[in-house]
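I keep these notes while I look through one structure. Each entry records what I looked up.

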Amino acid sequence: MAESSSTALSILPMSLNTDAFLRQTAYVVGQLVNKHKPDRYRQVTRTAFDESDSRNVTNQETLQPVLVSLNLVHDTRRTALADELSHSIDYSAISTSLARYCGSSPIPSLEVLSDRVAECCFELYANLERLSLMITRPHTLLHGDSIAIECEKTRDAHGPSRERYLIHNLQCQTIVGINPCERAEAQRVCFDIILTRLKRYSRPFDFRGLARTVFHHVQGSSCFTLEALASSVAHTALLEAGNDTDSVTVRAAKPSALPLARAAEVEISRTLRDFQHHAKADGLEPVCSQPRATPKAGFLGIVPHPSLSSLLDGLQPRNTIPYKHTAALALGANLGDRFANIELALRLLEAPTGGGNGPPKAAVINTSFMYETAPMYVTDQPRFINCACIIETDMEPMELLHFVKEIENTVGRVTSFRNGPRAIDVDILTYDSLVIDSRPETERANLDNLADQLVVPHPRIAEREFVLRPVNDMMPDFVHPTLGKSIQSLLTELLASHPQNVDPMYKVMAFPRYPLPTSPGERSSSPTLASISPVPPTATYWKFPPSASNRNEQLKTRIMGTLNATPDSFSDGSLHNTIPAAIAYVKSSVAGGADIIDVGGYSTRPRAEYVPPEEEVSRVVPVIQAIRNAVLDEDGKGTASSAAEIADVLISVDTFRADVASAAVLAGASCINDVYAFTGPDYPLTTASAEHFLTMRAVARNLVVPVILMHSRGEASANKDYSAYAYAADANGRGAVLEGVRVELGDKIEAAVKGRGGIRRWLVMVDPGIGFSKSVEGNLELLRGAKVLTSDDIAGNPLAGYPQLIGTSRKSFLGAILAREDPEGPYAGRETRPDERGWATAAAVSCAIQQKAAVVRVHDVLELGDVIRVGLALWD
């Protein structure tokens, strides 16, 4: 038997330009891969280094030190006997070979780098059958020393069977220990976290997200034992990773615990099943995972509740069908009901097979914003509605192509001239990271012969803003396999080349028309349609700027009128809770410029009386029906056109209950306005919150209505501590409250939009929740910096690009400001009723306009409409 041993090779980033090393490795492996792959299914080889786990997230490519350690398993017997270099591994040759070639594009992730280093080694040494490697990036995390990936690879394997992701020396401050001094002051605890994964997922491992989640968890914990703390960190890490098959090892050390030793240390290994088993067997909760009541001064506070995503992961899987491939699709339409056509196409993508009882062929897991665009190439035709989505599927590329063509036919596409008008167009933009051209090699000279053929990535993606913008909404860091540039870079380059007079794109949000017509129009006889819910027709749509940084002066700020059909609302309770009074308010509001009327049947004021769901329905549904059936005054005043305007006004229903939302929409509402962002009134979030979320999300998705999701923390007057987010305070106006809203509401928005069963991104509007769980100063911070919340300039911002609604009308924080004494003048302060805060509301609304709010919610529509009109003239 041949004797084998492991030879270690470390490539250190000393005088070697490590970025050049990465680029050189990319080049040599790229040549090797392309040399052996058929051109039709060539794997991606030129990519950009993923910055999702770096300390300073920017859009610039930067040099980053990397340590690569190789263990090459080879036969040492001949070398030992002959003592000749020819039988050994030439370490210098490996190092030189890896650094010899110079590539032009960086590496997207540690996973890709590990693949390329391994493939290069296997190519260099034909007899090499197995190797292991570790790639380490130091100085990557704000509170940790380094991150690393460790794996073993064999020549014959299609991919790694197991990979380990490591975070080394993550340093936190927390209360841990039993001695009085340890309970009085937080101390430093250091963690090594090693997460083992049995298979690789499509996105690079999020080291930075895991480190941040663990860091905040530890900062908010208060354990007596290091074992309990390590166990809670393991549980947190597994929930954050979100895969049932993962395992984690946590090493926890207290460097200051023992005077005669370097540290007291504990090491544990866990899986999620371990925690489920112990919880059932012992009936115990990890006590140190509960937030400590009073965070110590000088340290960060705590993340106030577990993330919604972690709670959702703890529920039973909602979809158990695994799919092997990921593809990005572009959708467009400029004939018929453009919005309904696109929604129908998306539903057909996920239609059950086997007569409605089988699994779908694909699952939509993400959507872009939606845009209205001028036609390209052939300009004499209607404007297009364009968007994109990401799907998971088991279909192979050509099967997917035939499937989307069937969908086009079902929706109603009729073949016309090239680049002409169409009821629907569905294009495959990417398929995994493959390069595919189904045409014979002799027919690839141009793009005039693409009928029934597949070229991926889409050959014209780089020249089309109406494709790049939607894809950038979902996957800005995806690197084009042949161009070697990220989607974000391609979009930036394209926009820089635009002439000044180019016809701009606009984001759009469509509102459906409810109640549904009693006799819907004829639809295709395809049996597939019988297995999906009907798509409502479109009533109208709103336009917004394509990005937060380039508001177009033609676009208006919309006005939402507030109609409280309740006897106890804080501002106008019992004023509009009868049908005649409600209709009168709607008429005056529409005449004053209201774009939408928000109808509520359950007051959100502090300590409001509980209202059963049936009573809430009985309050809002008759009002909505009365608006939809609006007629002239009994004395004949008014006109038929004014009655039509009232009947056609957009209506949102202000509710957090799924049953109420569904009943209101089916009665004629066009939008759901939820002050709890689908999670219900519980705070902190619980498993019941996650279940509530899934129910509300399913209702909104099925009804295809826009949703306004607001930040709140239970009762409006409570839970105002944002010290957990003190790290975000800076000289540019960002502060703890802004960061808290961005993180907490962003968590819910991400859960609402992404994954199977998500709602469409283009149907979401965000509300920062001014007046809800914020102090007076917190509300002011939020209002004066609101545009930061949805800024496109913050890397990884989960709220980036969403239109924003701001509601300040008559709220108590305005009353608190009016009650303050002027220390330098005669004003002594005064107490005000909500209806006496009109002028104060006007100032706040003017600020909202300056912050580029898409919608403002007010009670006095005509008067505040004047403020909006003047504000737009001032700030645009």
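In which helix is the place of L874? I found L874 in helix α24 (residues 861–875); helices are DSSP runs of H or I with at least four residues, numbered from the N terminus. The model is predicted: local features need pLDDT of at least 70, side-chain atom pairs count only at pLDDT 80 or more, and totals for chains, interfaces and linings use all residues. Residues are numbered from 1 along each chain as its sequence is written, and side-chain values use heavy atoms, with hydrogens and water left out.

Next I looked up the cover of L874. L874 counts as exposed because its relative accessibility is 61% (exposed is over 50% relative accessible area, buried under 20%, partly exposed in between, with a 1.4 Å probe and protein chains only).

Then I turned to L346, which is in helix α10 (residues 338–349). L346 has a relative accessible area of 0%, so L346 is buried. I looked up its contacts (heavy atoms within 4.5 Å). Leaving aside neighbours within four places in sequence, L346 is in contact with L331, V364, C389, R760 and W762. From L346 to A363 the C-alpha distance is 9.4 Å, and they are 17 residues apart in sequence.

Methods. Helices (H or I, at least four residues) and strands (E, at least two) are DSSP runs, numbered from the N terminus.
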